[in-house]
Amino acid sequence: MLENTVETPRDTDVDMLRAGTWTLLGRLLMAPPDRELRERMIAIGSETRHGDAISEAWGRLAEAARTADDTRLAEEYQTLFIGVGSGEVTPYSSWYLDESIASRPLVLLRDELVRLGIERRADSSETEDHAGAVCEIMGFVVLDEDVDFDWQKEIFERHVDNWMGRLFEDIDKAPGADFYRAVAALGSAFLTLERRFYAMSA
């Protein structure tokens, strides 16, 4: 969906884990996972031993990946996010913040991306405010040494935390959701962790 045109050296182990989770969420929201990605999620879930919310969400996602297959996942993704005319969920910040498509939230996000040096790929069919793209952006931001903590926090608050939690709630409640309920559970738990991270680090 996006490509980063600035260098993004890797920082701490915590930042790598955060960026990896953002990137995974972005991948899952952009398209149903293939077998290779499902196997990776199963492996991560099997290595998670703690009893907190995020660990339980990883375990739930691993179990959902274990029982999923390509055909059902493709059908579920189509029903949830595409549909005939529209899906059960509309995964764009413009929709959640402005009740329209490609409106002011997208314009503001594009202005932010210019500052970050992140460009939309020419072959992408989605706008930058698609939830999958926004998660990808956060993955870049977390590892970009040119983005200081205050700026990173502002990006999270301006372009993510003011709507994405509602998206995950809607996915969880969608009639056609099965595997993606587990994705929503991980997304919700991870957003809670990110809020705590920014609050504790302030």
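**Entry 1: the overall fold**

I started by reminding myself that this is a predicted model. I then looked up the secondary structure and found 10 helices and two strands. Reading from the N terminus, I wrote down the order β-α-α-α-α-α-α-β-α-α-α-α. Next came the radius of gyration: it is 16 Å, close to the 17 Å that the globule rule gives for 202 residues, so the chain is as compact as a globular protein of that length. Along the principal axes, the C-alpha atoms fill a box of roughly 40 × 40 × 30 Å.

I wanted to know what share of the residues is buried. The answer is 46% of the 202 residues. I also checked the contacts with a separation of 6 or more, and 74% of them are between residues 24 or more positions apart. The accessible surface is about 10300 Å², with 49% of that belonging to carbon and sulfur atoms.

**Entry 2: charges**

I noted 22 positive and 40 negative side chains. The centres of these two sets lie 4 Å apart. A reminder to myself: side chains of opposite charge can pair when their charged atoms come close. How many salt bridges does the chain have? The count comes to 12, and I looked at some of them.

**Entry 3: a pair in H1**

Asp 15 and Arg 18 form a salt bridge, at 3.1 Å from N to O. Both sit in helix H1 (residues 13-30), and because they are three residues apart there, about one helical turn separates them. Are these two buried or exposed? I found that Asp 15 and Arg 18 are both buried.

**Entry 4: a pair in H8**

Here I found Glu 154 and Arg 158 in a salt bridge, 3.5 Å from N to O. They are four residues apart in helix H8 (residues 149-159), which is about one turn of the helix. Glu 154 has 35% relative accessibility, so I logged Glu 154 as partly exposed. Arg 158 is partly exposed too, at 37%.

**Entry 5: a link between distant parts**

Asp 161 and Arg 195 make a salt bridge whose closest N and O atoms are 2.7 Å apart. This pair links distant parts of the chain, 34 residues apart: Asp 161 is in the loop between H8 and helix H9 (164-173), while Arg 195 is in helix H10 (residues 179-201). I marked Asp 161 as partly exposed at 26% relative accessibility, and Arg 195 as partly exposed at 35%.

Methods: Residues numbered from 1 in each chain as written. Predicted model: local features only at pLDDT ≥ 70, side-chain atom pairs only at ≥ 80, totals over all residues. Heavy atoms only, no water. Rg over C-alpha atoms; globule rule 2.2 N^0.38 Å. Buried < 20%, exposed > 50% of the residue type's maximum accessible area, 1.4 Å probe, protein only. Contact = heavy atoms within 4.5 Å. Areas by Shrake-Rupley, 256 points an atom, 1.4 Å probe, with all protein chains shown as cover. Lys, Arg positive; Asp, Glu negative; His and termini not counted. Charge placed at Lys NZ, Arg CZ, Asp CG, Glu CD. Salt bridge = Lys/Arg side-chain N within 4 Å of Asp/Glu carboxyl O.
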